[in-house]
Amino acid sequence: MKYIVEKQPSVSLPINDSDVFFPVGRVYCVGRNYAAHSREMGDDPDRDPPFFFCKDATCVTPVSYDANNAIAYPMATSQFEYEAELVVAIGKGGANLSLAQAKDAVLGYAIGLDMTRRDLQGQAKKKGRPWEVGKSFDQSAPIGPITLYSTDLANNIASSDISLLVNGEVKQSSNIANLTWSIEEVIVKLSEVFELRPGDLIMTGTPENVGPVVVGDEMLVSIPALGNITVKVTD
């Protein structure tokens, strides 16, 4: 097959302790899936149906478990903010999945950041416009290696802490048990509006206390059931 312009490389994430990779397809994000974060963003924290938005696969920046990871401060913003998230990798697709099928669809888990140009997102929200300009941009989804599913790991993650530190100072601290919609429930609801495919990623939402970072800041995201990733902001 010949292309009229250069074909861009696809994005893949490594599988932890393996030499195989996960090819990233679509990246779905869950909006305000922790009640306390819903409150800080001015929303009702009750269990309204979850809502979804997307990042392009090219937004994904693979990061390792070592400390030598970096992303650039993006253009066109003065309010670059972090959101620590559990990421779920989908290994089996389908539409209108049951809870049991949703559980079976999970290939593994990773630690991620939903980086946000909050000022641009806020401007879009005020005008009722899509959020892409605030959410879907280069390097806006740093994601660590995927750890493959096991029953023990799934049970540990369901009650695991999740935290984010900036320059050693705790900024976000919660527990995945505080998800408004559980991992399986999110997959079920997502499969009601999109037919899921192997290779999809789901960023499951962030706890309260999102905030800004500047050039030189170092973010450490921890989910003890998986490990830590550290990402520095560069110019």
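Leaving out neighbours within four places in sequence, alanine 72 is in contact with Phe80, Gln139, Thr234 and Asp235. That's a handy place to start reading this model, which is a predicted one. Alanine 72 is found in strand S6, residues 70–72. Is alanine 72 buried, exposed or partly exposed? Its relative accessibility is 30%, so it counts as partly exposed.

Phi of glutamine 139 is near 65°, a positive value in a residue other than glycine. Glutamine 139 lies in the loop between H4 and strand S11 (141–143), and with a relative accessible area of 26% it is partly exposed. Aspartate 17 is another non-glycine residue with a positive phi, near 60°. You'll find aspartate 17 in the loop between strand S1 (12–14) and strand S2 (21–23), where it is exposed at 78% relative accessible area.

**Rings and charges**

How many aromatic pairs does the structure hold? There are 6 of them. Take phenylalanine 51 and tryptophan 131: their ring centres are 5.7 Å apart with 90° between the planes, an edge-to-face pair. Phenylalanine 51 sits in strand S4 (residues 51–55) and tryptophan 131 in the loop between helix H3 (118–126) and helix H4 (132–135), so this pair ties together parts that are 80 residues apart in sequence. Ring pairs also bring in Phe53, linking Phe51, Phe53 and Trp131 into a cluster.

Then there's tyrosine 109 with tyrosine 149: the ring centres are 6.3 Å apart and the planes are at 35°, so the pair is tilted. Here too the pair links distant parts of the chain, 40 residues apart, with tyrosine 109 in strand S9 (residues 106–113) and tyrosine 149 in the loop between strand S12 (147–148) and helix H5 (151–158).

| Residue | Relative accessible area | Class |
|---|---|---|
| Phenylalanine 51 | 34% | partly exposed |
| Tryptophan 131 | 19% | buried |
| Tyrosine 109 | 2% | buried |
| Tyrosine 149 | 27% | partly exposed |

Tryptophan 131 makes the buried class because its 19% is under the 20% cut-off.

The charged end of arginine 117 sits over the phenylalanine 137 ring, 4.4 Å from its centre. Lysine 55 lies over the face of phenylalanine 137 as well, at 5.8 Å from the ring centre.

**The cores and helix H5**

In soluble globular proteins, nonpolar side chains tend to be buried together. In this model, the largest nonpolar core has 44 residues, and Tyr109, Ile187 and Met219 touch the most other members. H6 gives the most to this core, with 5 residues. There is also a second, separate core of 20 residues, which includes Val11, Phe22, Cys29 and Ile143.

What does tyrosine 109 touch, not counting residues up to four places away in sequence? The list is Leu86, Val87, Val88, Pro145, Ile146, Thr147, Tyr149, Leu153, Ala154, Ile157, Ile183 and Leu226.

Three names on that list, Leu153, Ala154 and Ile157, are the buried residues of H5. Seen down the axis of H5, these buried residues fall within an arc of 100°, so they line one face of the helix. An α-helix has 3.6 residues a turn, so residues three or four places apart point the same way. The buried residues of H5 pack against strand S8 (84–90), S9, S12 and helix H6 (183–191).

**A three-stranded sheet**

Strands of a sheet pair through backbone hydrogen bonds, either parallel or antiparallel. Which order do the strands of the 3-stranded open sheet follow? They run S10-S7-S16, with antiparallel pairing. Strand S10 (116–117) and strand S16 (211–212) are the edge strands, and each pairs on one side only. Strand S7 (residues 80–82) pairs with S10 in the antiparallel sense over 2 bridges. If you want a spot to look at there, glutamate 81 stands opposite threonine 116 in S10.

Key: Residues numbered from 1 in each chain as written. Predicted model: local features only at pLDDT ≥ 70, side-chain atom pairs only at ≥ 80, totals over all residues. Heavy atoms only, no water. Phe/Tyr/Trp six-rings, centres within 6.5 Å; stacked < 30°, edge-to-face > 60°. Helix = DSSP H or I, 4+ residues; strand = E, 2+ residues; numbered from the N terminus. Buried < 20%, exposed > 50% of the residue type's maximum accessible area, 1.4 Å probe, protein only. Lys NZ or Arg CZ within 6 Å of the ring centre and 35° of its normal. Arc of directions from axis to C-beta. Contact = heavy atoms within 4.5 Å. Pairing = 2+ DSSP bridges. Core = buried A, V, L, I, M, F, W, Y, C linked by side-chain atoms within 4.5 Å.
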